[in-house]
Amino acid sequence: MRFGEHVRLTGSALRNWFIAQSQDSLAVGVVWLIGLYIIGVPWAAFWALLAAVLQFVPQIGAVLGVIGPAIAAAIRWTDFWHPFYVLILYAVIVMIDGFVLQPYLMKRTAKVPMWASIFAPLVLGIVLPFWGVLLAPPLLAVVYAYKRRQEAVKEMEGSRS
């Protein structure tokens with residue numbers, strides 16, 4: 001395999017990962033928008049857009065995305081319940097996104113098995129605490145692109161025999 005083929009294969013895998021990540025960010029932003037409108041948080045569209053953009057930053061992006069709506073709810077209602085509702089919404093979104101949405105989109109777009117997209121960030125997060133979690137999804141997309149190519153090459157060689 002020549003250098004240009006490596007660049008094309010890696011670029012294609014990273015493009016597929018970016019598409020999956022963009023779809024995930026859009027879906028998370030829409031869920032935030034719906035949830036914040038239901039709760040009645042001021043500037044719901046702004047907070048949802050911010051959460052969608054911050055979704056690109058693994059682990060801390062989602063946390064940063066909840067701070068603004070929680071503070072806005074606390075200022076607007078000056079009670080405990082509305083910020084608590086925002087935190088419940090955050091917990092639901094994180095669970096659905098981490099265990100269903102991201103693995104599904106990675107499987108559909110980047111052809112990464114769901115089990116790998118759930119466990120790889122956990123394992124790499126233990127081995128390389130910040131960088132492992134940050135690099136796990138695009139790295140998985142590249143590894144599985146090479147794996148698919150290798151299987152295709154073996155299949156072609158097997159059909160020639």
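How many aromatic pairs does a search of the whole structure find?

1. The model is a predicted one. A search of the whole structure finds eight aromatic pairs. A pair of aromatic rings is described by the distance of the centres and the angle of the planes.

2. One of these pairs joins Trp-81 and Phe-84, whose ring centres lie 5.9 Å apart; the planes stand at 80°, so the pair is edge-to-face, since an angle over 60 degrees counts as such. Trp-81 and Phe-84 are three residues apart in helix α4, which means that about one helical turn separates them. Trp-81 is partly exposed, with a relative accessibility of 48%, and Phe-84 is also partly exposed, at 32%.

3. Phe-130 and Trp-131 form another edge-to-face pair, with ring centres 5.3 Å apart and planes at 80°. Phe-130 counts as partly exposed because its relative accessibility is 42%. Trp-131, at 52%, counts as exposed, the cut-off being over 50%.

4. Phe-80, Trp-81, Phe-84 and Tyr-85 belong to one aromatic cluster.

5. Helix α3 (residues 60-77) packs with helix α4 (residues 81-109) at an angle of about 160°, and their axes are 8 Å apart. The two helices are therefore roughly antiparallel, as angles over 145 degrees are counted in this way. The crossing of α3 past α4 is right-handed.

6. On the side of α3, the contact includes Ala-62, Val-66, Pro-69 and Trp-77; on the side of α4, the residues include His-82, Leu-87 and Tyr-90. Of the residues in this contact, 13 are nonpolar, one is polar and none is charged.

Terms used. Residues are numbered from 1 along each chain as its sequence is written. This is a predicted model: local features need pLDDT of at least 70, side-chain atom pairs count only at pLDDT 80 or more; totals for chains, interfaces and linings use all residues. Side-chain values use heavy atoms; hydrogens and water are left out. Axes are lines fitted to C-alpha atoms, for helices over the stretch in contact, and angles run from 0 to 180 degrees between N-to-C directions. Helices (H or I, at least four residues) and strands (E, at least two) are DSSP runs, numbered from the N terminus. Angles under 35 degrees count as roughly parallel, over 145 as roughly antiparallel, 65 to 115 as roughly perpendicular and the rest as oblique. A crossing is left-handed if the near helix is turned anticlockwise from the far one by less than a right angle, and right-handed if clockwise. Contact means heavy atoms within 4.5 Å. Ala, Val, Leu, Ile, Met, Phe, Trp, Tyr, Cys and Pro count as nonpolar, Asp, Glu, Lys and Arg as charged, and the others, Gly among them, as polar. Rings of Phe, Tyr and Trp (its six-membered ring) pair if their centres lie within 6.5 Å; planes under 30 degrees apart count as stacked, over 60 as edge-to-face and the rest as tilted. Buried means under 20% relative accessible area, exposed over 50%, partly exposed in between (1.4 Å probe, protein chains only).
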